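Me: Please show me the model, and then let us go through it by topic.

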Amino acid sequence: MNPVNYLYLSALLFTIGATGVLIRRNAIVVFMCVELMLNACNLAFVVFSRLHGNLDGQIIAFFTMVVAAAEVVVGLAIIVSLFRSRHSASVDDASLMKL
Amino acid sequence: MSFPLLTATAALPAVGAIATAAVPAAQRVAAKWLALLVSLATLVLAAIVLVRFDPGGDRYQLTESHAWIKDFGVRYELGVDGIGVALVALTALLIPFVILAGWHDADPQETGSKRWRPTQGFFALILAVEAMVIISFEATDVFLFYIFFEAMLIPMYFLIGGFGDRAHEHGDDAAATQRSYAAVKFLLYNLVGGLIMLAAVIGLYVVAGNFSLQEIVQARANGSLHMATNTERWLFLGFFFAFAVKAPLWPLHTWLPNAMGEATAPVAVLITAVVDKVGTFAMLRFCLQLFPEASKWATPVILVLALISIIYGALLAVGQRDIKRLVAYASISHFGFIILGIFAMTSQGQSGATLYMVNHGISTAALMLVAGFLISRRGSRLIADYGGVQKVAPVLAGTFLIGGLATLSLPGLAPFVSEFLVLVGAFERYPAVGIVATFGIVLAALYTLVLYQRTMTGPVKAEVAEMPDLRVRELLVVAPLIALLIFLGVYPKPVTDIVNPAVQQTMSDVHKTDPKPEVEAAK
Amino acid sequence: MENLIALLVAAPLLGAAVLLCGGRRLDAVGHWIGTALAAASFVIGAILFADMLGKSADHRAMSQYLFSWIPVEGFQADVSFQLDQLSMTFVLLITGVGSLIHLYSIGYMEHDERRRRFFGYLNLFLAAMLLLVLADNYLLLYVGWEGVGLASYLLIGFWQHKPSAATAAKKAFLVNRVGDMGLSIAIMLMFTTFGSFAFGPVLGTEGHPGLVGGATEGKLTAVALMLLLAACGKSAQVPLQSWLGDAMEGPTPVSALIHAATMVTAGVYLIVRSAAIFNAAPDAQLVVTVVGAVTLLFGAIVGCAKDDIKKALAGSTMSQIGYMVLAAGLGPIGYVFAIMHLVTHGFFKAGLFLGAGSVMHGMNDEVDMRKYGGLRTYMPITFVTFGLGYLAIIGFPGLSGFFSKDKIIEAAFAKGGTEGWILGGAALLGAAITAYYMTRVMIMTFFGEKRWQPDAEGHEPHPHESPRSMTIPMIVLAFGSVFAGGFFSIGDRFLNWLEPVTGHSEGNSPVSALTVTLATMVLLVVGAGIAYAQYGRSPVPVVAPRGSLLTRAARRDLLQDDFNHVVLVRGGEHLTRSLVYVDHTLVDGVVNGTAASMGGLSGRLRKLQNGYARSYAVSMFGGVAILVAATLLMRAV
């Protein structure tokens, strides 16, 4: 199978994730969409690794996973504390950090 | 290695500033005394510099040079020529008077908060300004100069914005608003000037490859550094703009009346007598030496601007209702004279301009500080609120009059010598310019005497009837300044002897010689 | 001997310093210190004079070098003095009359709590005036020149609580500053032309022609006209005369010393001192004579209309100095007579002013002559001394004014040509008017009915003779008024004394000296006769009649002040006010406008920050999309 097809899949996943971040209000869903975008990137890295025949892409994919894991920890904690204080997980409710 | 005397003159007030700031909140008086002693010690150091300086010797003396930022060729280079040493001495001389005059200006009005230490801050900031101004007069590395040229804005900003006259006709809130407006205006004007200068400094580095004033001047003189005409002009304009803002030259002057009006009198003296001198000094040292051809190219425009400053400043001084703003506009007129003297490019003009910087510092300090004493008594800056003070406080009125007479350059007092030299220097090359500038002396008489008449003479106003005369501390501030004004008016030779060789050097930098008199002395 | 010259200046300067810095503890003796130091200066002057007389005419000039004042590359100004016959004449006049007036002031200012300060100012004036006449270069002269201006300012405004005095003082200083501008430009011109402004090199000394000879006439005319401007300011000549009348706000001794005998004659000194320049600039000389002639008529006309005794005398001073300036403008034929008239005028005008002061002293400080009358029996000494001064000033035969004024009129005719006739005619006419207004002053003050009025507080005046400290100076000055002219003229003593300095030549007059003298006598009688017919034959009304158009104009100083007020004061006020507006709205407005538009822009940009995470995300995505597109486009190109 042509590895380029995986790139199309990656682009599709990224678009889905991006759209989700833009149109959904539920913080959990937005968060999952962010994860989707990260994984789309991971997929692209792995494909590039395969295409170019070196391991750089795979190494970066590992880095991304580590970052994603850390992000999940911090992000979920923020979402949980937001939900506790406001009883809502809508991102639009947290619009106070403006001038 | 010999003792780094020049570094010491700047480092002492800098250390003093930190020490003063660190004095505990309860020890206000100790902080004042500490600041005064530090400033006096600096004066002693400056006097040593003055004595060690040999007018007949090398151009830059007491030099120090250390590598600083190697990658960019920035060096820590200090050295004074005759002009620099005179201004270092002026600065060191004036600061003790500024501190003494502002003795009570920063006393906290209510002793509520223990952590609020305005007194310590006020005197620490003054010392910090002194340190930075002195090092600006000593720096012979363009980058080093630039850093302190800009850095002195920070303490000045806080001095203007943080400490104002107690009394204000529209109440405390209005005073605070106007003060912060004045401080921000001061900062913005000078930052814009500084920014443009920064671009020119970088441009100079790109062209010359280092920041050392002496090396660049030497390289230009022996032809190893060629600068295209246009490049030189742009770089000149970048430097000149910053100095013209600081000096200030019309039409970049409008920050000065606000800043001097809102600040307390000692801070106003600090602005006009000390900090602004860095601008005119830098014109002489950097503009003329680094860019001689561009300086000559720009001379006609600068002379016209200087003339406008002289006349315009004086006319506006006549129209002021506020004592301190009046002095500010008078200063603008005087800075016009200084710049006129510098760019007349004659020995008389430049010696006169240097002397003018010193004399203007002393005379404005005398007038402004007495005005400050007056204002603190009545609690108003408006001329119309005074009248007949002469009757109730004759010593105050007398010193005010002498300060005023110095401002109008009465012969016998120091400013006359410098003003006349500037006029002669301008006249011999550009007669029309000299004649127009001479109108300035009539206008100076007008604004000074109108001010004196309205405040000091006439029937005694009820509000001033109980006004006390000068106190001992105030007399201690004013009397030495007046003595100095008279001494330098009668015997300016000590200063001219120091200044003359440096002026000759500058004249040869710009490749100019004085015009010869039409009728030669009998052979 | 030379070393004494500096002491001439130092003595009164020391007095000024001690009296002004000494504080209240010197109040009791201050006036004696001041008088003693003035007298000391006179004694030193007399010693030097005696020494000078002992030498031959060509070796009388002395000089003393003190120190280098302003040494700058190519520019040399020294503090050094020169004492020649011309300076000596002034030194004796200044210290002599000055000491007498110090003495007079002890009595006159007795009840003033600030008497010590008054004497300090007087001493300051003496020092500055002596510096002016002793300086050996124009820049040092300038110091004295402004120094006397300062002393004059302080003394006119001595009673500062009166707004009119403060205003008059300021006006005097400002008008003088305009003149000073002329002196300053003249010095600059000299420096650029000759490279020096010292008397010796520029004007030349005995046997050494000065640099003046090498300059073009145009340059010299410019220098001379600028010097004339300076002289006009200091000597109250048209068009800078307006300050002198107001200067009478000062105490009367000040009017006598500064605004009659000495300071106002400094302009004449300047012109005579610069004779070498003026001689080489005939056009400028013509202007000088015209200024002199116009002023002598102007002052005389003003003097006729004033009811204030001091202002009438001030008009007369202006007119008499007009004579001196006229003579000085005539060149070598007039220099000596200008100075001679200056000296005799110093005696009689100082005497007249002191007399006026004595009258005021006895009349509760009333100055309006319409409220005097019949004082001759109450103040006999004042009457006699004032009367002698009066006879001297109108040129009564045998008295001082007769000799000195007559010579000037002759010299004016001797200029020759149409100018000579016009100038001589003006001088003759002036003599007639002088006789008129002085007779008027005399009659209104000492003769006729008593028209005394109680002052504002209701005190009836009790005229009485003044104390001896006041009458002695008046008597001494009266002696001078009577005999000085004759003493100077017999054997041409004054001429021989001054000639080595100023030079002298006899013009050829189209009319004989006798004719001039006779014509003067006739006009004198006519002038005095008209005055007698107007004021002596019928009682003087206490309230001034409306008078003719000319009288009304003359009362207002021939509308000069109104002109100044409308053109200079109002115009200046409008100018400064509009400039303040321009500075605030235009120059500052540009800056504030920039700041305001920045503020507006940032306010609008702020709205983009709405706090919604999703809209930030959109802008991020948009930005990335644009960046990617741009990169791709760049690659494609």
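**Chain B and chain C**

Reply: About 5,100 Å² is buried between chain B and chain C, 70% of it on carbon and sulfur atoms; buried area is the accessible area (1.4 Å probe) that two parts lose on being put together, summed over both. On the side of chain B, B:Phe420, B:Phe427 and B:Val519 lose the most area to chain C, together 12% of what that side buries.

Me: What conventions apply here?
Reply: This is a predicted model, in which local features need pLDDT of at least 70, side-chain atom pairs count only at pLDDT 80 or more, and totals for chains, interfaces and linings use all residues. Side-chain values use heavy atoms, without hydrogens and water, residues are numbered from 1 along each chain as its sequence is written, and chains are lettered from A and ligands numbered from 1 in the order in which they are written.

Me: How many residues does the contact take from chain B and from chain C?
Reply: Chain B gives 68 residues and chain C gives 55 residues, contact meaning heavy atoms within 4.5 Å.

Me: Which side chains meet in a salt bridge?
Reply: Those of B:Lys391 and C:Glu113, at 4.0 Å, N to O. The count between the two chains is one salt bridge (a side-chain nitrogen of Lys or Arg within 4 Å of a carboxyl oxygen of Asp or Glu).

Me: Which helix of chain B gives the most to the side that touches chain C?
Reply: Helix α18 (residues 431-456) of chain B, with 12 residues. Helices are DSSP runs (H or I, at least four residues), numbered from the N terminus.

Note on methods. Helices (H or I, at least four residues) and strands (E, at least two) are DSSP runs, numbered from the N terminus.
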